[in-house]
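Colleague: I am new to this model and would like a close look at one part, the place where the two chains meet. Could you walk me through that, and then through whatever else stands out in the chain on one side?

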Amino acid sequence: MEANSKLIFESDDFEVVGTKGLDAEKISKPSITFWSDVWRRFRANKLSVVGLIILVLVVLMVCFGPMISGKDYQFIDYNMKNIKPNGTYWFGTDEMGRDIFTRVCYGGRISIIIGIACTVVSFIIGSALGGIAGYLGGVVDDFLMRVIEIIGSIPYLVLIVILSFVLGRSMFALVFAMTITAWTGTARMVRGQVMQLKQQDFVAAATALGASPARIIVKHLLPNTLGIIIVNLTLSIPSFIFSESFLSYIGLGVQPPETSWGALASLYQTRLMFDPYQLFFPCLMIVLTVLSFHLIGDGLTDALDPKLRK
Amino acid sequence: MSEKKVLVEVKDLKKHFKVGKNAILKAVDGISFQIYKGETLGIVGESGCGKTTCGKTVMGLYPATSGDIIFDGIKVNELKGKEKKDFTRKAQIIFQDPYSSLDPRMTVGDIIGEGIDIHGLYTGQARTDKIYELLRTINMTSEHANRFPHEFSGGQRQRIGIARALAIEPEFIVCDEPISALDVSIQAQIINLLIRLQKERGLTYMFIAHDLSMVKHISDRVGVMYLGKMVEMAPSYELYTNPKHPYTEALMSSIPIPDPETEREKKRINIEGEIPSPINPKPGCRFASRCRYATDRCRQETPEFREVGPEHFAACHRIGEE
């Protein structure tokens, strides 16, 4: 009772019981960089990890398969034609007695190389032009967007047929024909992203600090668009593989003796009635590759989106 | 009073945005003021009155439509190249939104060091030391330098923004509503930091805000903006006790008083209606449509921004009439 009756307090009556000094500013969590955080969230997505494993296996098989099987993909042996899959010929042989496993590996190299080459080319052109349009805006933006609309309005199959007449049917012509229309999508996407980013205060802050446009692009705009670009890269590789397969299937793509998964599918469909396994393997590889890229892309979308951070 | 050195002088500054065919948004429409070295000029006004545009135009982030900005005797609004870069060393800005003002892909150390890198002030170990020193200035520790902005709270981010502005040792800082995105306990922290830095480094501030009590606390002089125009400017005590312009009068009566009895007794002047659109504004006094004293003269003639008392400027026909 007596203790409570004291109503006037002096500063001596109090003592500090809480925290003192800078402890409040301490962060106990270890520092994580952006990319390690992305990897952590990517790993959390089981399906994407499965996709990544499938992709690694496919790539390993395509790279080292011919060495393991020890056969030549062009070697013709009429005594060995249309053999069903067995211990020696893992995927069987075709009607000219060639080992399908080795051919699928070689075809995969071409398919994947074309997929990556097209993606790289279309992303370099697309991000450069999209970035310029988005950053400069105004007349430059209007002009580039009209160009993109015009290119986008030409059916790409028509373009490819014309180009294959002009340039001949080489791998270069194929990459050229597929990228000439595909970069427009990238350009649109990068333009939108850059336009959104350049309104952000950190770009204004850099300008206020005296940063040159080149510095703003390299240090601020590009690193911030990288996430969305990577997601789209992983999603566009399979679409190029798909297009290549389709073009090879209808005879506009890779020409013999070179081969690709699409070309193999086209060749082996003639034997579908008698030896369905011949068509099955190249198709399986296309499906596995495309599926794995999609799964990875899906996981990356979530992992790279800062709004979905947990 | 006349001994004060003018650091920044803004003369008849206009910033118009074209928003469509025959539609011009007059965000800042002919304002003039001076900022003395070492003082804090507060700019207040309701949302959309052009405070931020005014601050960013002074900084050169928006090109001015017309008018002059004179910094330390040099006309800065038409500078190019190297001279412009030199100006950026002397004047800096702190942004309103601490979330969009820091690049999410850069570490705090790199964000703070950006100005140092651009102007090539320090390299190597000296740069690191300088960044650590700046972190200590804003009550953070060197271990924060390798972290990313997303690991910090709003108040911490705002302090990082302040450190970035301080890194190149400017003389003048535009504070564009640096506290409006923060909660009250953090606001005091930021304000006290700004006041401390001003004392230590003799900084000059242009402090843009809509929190009237906070502006009174930090500013030496306060300017009130309404729809792209400066309507009144006076030393802060004078403005808060003796407002001349009807808009300022109404604004001041809206400040809550931390005493329930006085607050209950207080007469509040309510302003009717909404703020008119700044797109193609009508001639005459901008405030006429909402002013309770408005006459025909107010609707036709634009009032001049004139001296109505010592250091006290206002733009209203009524003053001195009765």
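Modeller: Let us start with a charged pair: A:Arg215 forms a salt bridge with B:Glu114, and their closest N and O atoms are 3.6 Å apart. A salt bridge here is a side-chain nitrogen of Lys or Arg within 4 Å of a carboxyl oxygen of Asp or Glu. Between chain B and chain A the count is two salt bridges. The rule also finds eight residue pairs in polar contact across this interface, both residues at pLDDT 80 or more. A polar contact is a pair of N or O atoms within 3.5 Å; within protein, one must be able to donate a hydrogen and the other to accept it, and residues adjacent in sequence count only if both atoms are side-chain atoms.

On the side of chain B that touches chain A, the elements giving two or more residues are helix 2 (81-90), strand 6 (91-94), helix 3 (108-119) and helix 5 (154-166). Helices (H or I, at least four residues) and strands (E, at least two) are DSSP runs, numbered from the N terminus. Helix 3 of chain B gives the largest share, five residues. By class, this side has twelve nonpolar, twelve polar and twelve charged residues; Ala, Val, Leu, Ile, Met, Phe, Trp, Tyr, Cys and Pro count as nonpolar, Asp, Glu, Lys and Arg as charged, and the others, Gly among them, as polar.

Taken as a whole, 36 residues of chain B are in contact (heavy atoms within 4.5 Å) with 28 residues of chain A. The two chains bury about 2700 Å² between them, 55% of it on carbon and sulfur atoms. Buried area is the accessible area (1.4 Å probe) that two parts lose on being put together, summed over both.

Please keep in mind that this is a predicted model: local features need pLDDT of at least 70, side-chain atom pairs count only at pLDDT 80 or more, and totals for chains, interfaces and linings use all residues. Residues are numbered from 1 along each chain as its sequence is written, chains are lettered from A and ligands numbered from 1 in the order in which they are written, and side-chain values use heavy atoms, with hydrogens and water left out.

Now to chain B itself. An open sheet of four strands has the order 2-1-4-5, with antiparallel pairing. Strand 2 (23-36) and strand 5 (74-75) of chain B stand at the edges, each with a single partner strand, so one side of each lacks a neighbour in the sheet. Two strands pair if DSSP finds at least two bridges between them.
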